[in-house]
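Work through the exercises below with the sequence and the model open. Try each task before reading its solution.

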Number of protein chains: 2
Amino acid sequence: MDYSSKVLAKAVEEISGLPGIGKKSALRLALHLLRQPESQAIALANALKNLVTEIRYCRECHNFSDDEICDICADSTRNDEILCIVEDVRDVMAIENTNKFRGKYLVLGGKISPMEGIGPNQLHISAIERKLNTKVVKELVFALSATMEGDTTAYYIYKRFKDFGVKFSTIARGISIGDELEYADEISLGKSIQNRIPYNEAG
Amino acid sequence: MDYSSKVLAKAVEEISGLPGIGKKSALRLALHLLRQPESQAIALANALKNLVTEIRYCRECHNFSDDEICDICADSTRNDEILCIVEDVRDVMAIENTNKFRGKYLVLGGKISPMEGIGPNQLHISAIERKLNTKVVKELVFALSATMEGDTTAYYIYKRFKDFGVKFSTIARGISIGDELEYADEISLGKSIQNRIPYNEAG
């Protein structure tokens, strides 16, 4: 494709380097920006540059943060005794979005995956140890993927810290809201029967 | 959604201002950029900024250009006698991509559309007049959308310049390659029979 302008060709090339955006979509986006006030593209460009140059990670939980300690870790109204172990910053956002958890987090930065060459040393597992050594934490909650890697990661952390005298728990596995029983996989269905919970009117 | 970082929130906001990209996709793209070397996001940011600040339009044909005259207009091996009228710069790229046209272009910048309040004065129609006044152009080829607006635009230009002593032509309407006849719309099918062309073995 001949874009008849080097700045356009360069913009299309860079935009199509993003995942899920091909050359045609990239061209569509570039032409869209050219039809908008110049300030929009400049604001976008500045936001992207600031994103990668200014983002920081919380020293405590390895979540994204604007300061050395993130807002969640700095929030004294939250329960320090419950530490939720997640793989990724997106998981923190997802759980925060539910408004059902008022403890703290620890972002591992991945999960143990021999297939991808990711071992415990690449994850922030020593940060868990630091947290446990403060003797404040009473419960570790695993909020990991329901996959082999997620299970392996939880098991590794459990084995390593089981003598620290804390409670271990994991988010419930079961039938998702809206799922029809006949289409549920048998493992989820089996777990949901084994771990059945008291019924109450509020659901 | 709480992004736990203002620079991340700002990046998501700006990215999701692009057409067809929602907040979730924007977050996915932002997190992707954070996993890449910093230089990738900076290259993207610079390309976007350069796109809107440095892009120029060819003085002759109103196509995108890096110089005052675009590469196509400056190309002396192309036929000056045939001027192809298109709505948009994307149409120039699409036709160039076919490698079947070696004349020059004129980008109108839209089509006459009373519904959207676009009249002939908002289009580069006077640029056609300037071209015709040079007495070089012998044929105007309409390569406009097969819509009411496209037809109106072609008719307006024809009426305005029909006494300039040039030939008028339009790209063929018919059945697209790969289309099954029984699903073709009747207007295209009708036009394709009316304007049937000599059959030859090369297709």
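**Exercise 1.** Count the salt bridges between chain A and chain B, and name one of them.

Solution. Apply the rule: a side-chain nitrogen of Lys or Arg within 4 Å of a carboxyl oxygen of Asp or Glu. Between chain A and chain B the count is two. One pairs A:Lys6 with B:Asp66, at 3.8 Å from N to O.

Conventions: this is a predicted model, in which local features need pLDDT of at least 70 and side-chain atom pairs count only at pLDDT 80 or more, while totals for chains, interfaces and linings use all residues. Residues are numbered from 1 along each chain as its sequence is written, chains are lettered from A and ligands numbered from 1 in the order in which they are written, and side-chain values use heavy atoms, without hydrogens and water.

**Exercise 2.** Describe the side of chain A that touches chain B, by element and by class.

Solution. Elements are DSSP runs, numbered from the N terminus: helices (H or I, at least four residues) and strands (E, at least two). Those giving two or more residues are H1 (6-15), H2 (23-35), H3 (38-54), S2 (64-65) and H5 (89-98) of chain A. H3(A) gives the largest share, 16 residues. By class, this side has 28 nonpolar, eleven polar and eleven charged residues. Here Ala, Val, Leu, Ile, Met, Phe, Trp, Tyr, Cys and Pro count as nonpolar, Asp, Glu, Lys and Arg as charged, and the others, Gly among them, as polar.

**Exercise 3.** How is chain A laid on chain B?

Solution. Superpose by least squares on the C-alpha atoms of residues with pLDDT of at least 70 in both copies. A turn of 180° and a shift of 0.0 Å along the axis give an RMSD of 0.0 Å. The copies are therefore related as by a two-fold rotation axis. Of the residues of chain A, A:Ala45 comes closest to this axis, with its C-alpha at 2.1 Å.

**Exercise 4.** Which parts does the salt bridge of A:Lys104 and A:Asp80 tie together?

Solution. The two side chains meet at 2.9 Å, N to O. A:Lys104 lies in strand S4 of chain A, and A:Asp80 in the loop between H4 (71-74) and S3 (82-86) of chain A, so the pair ties together parts 24 residues apart in sequence. Over all chains, the count is 24 salt bridges.
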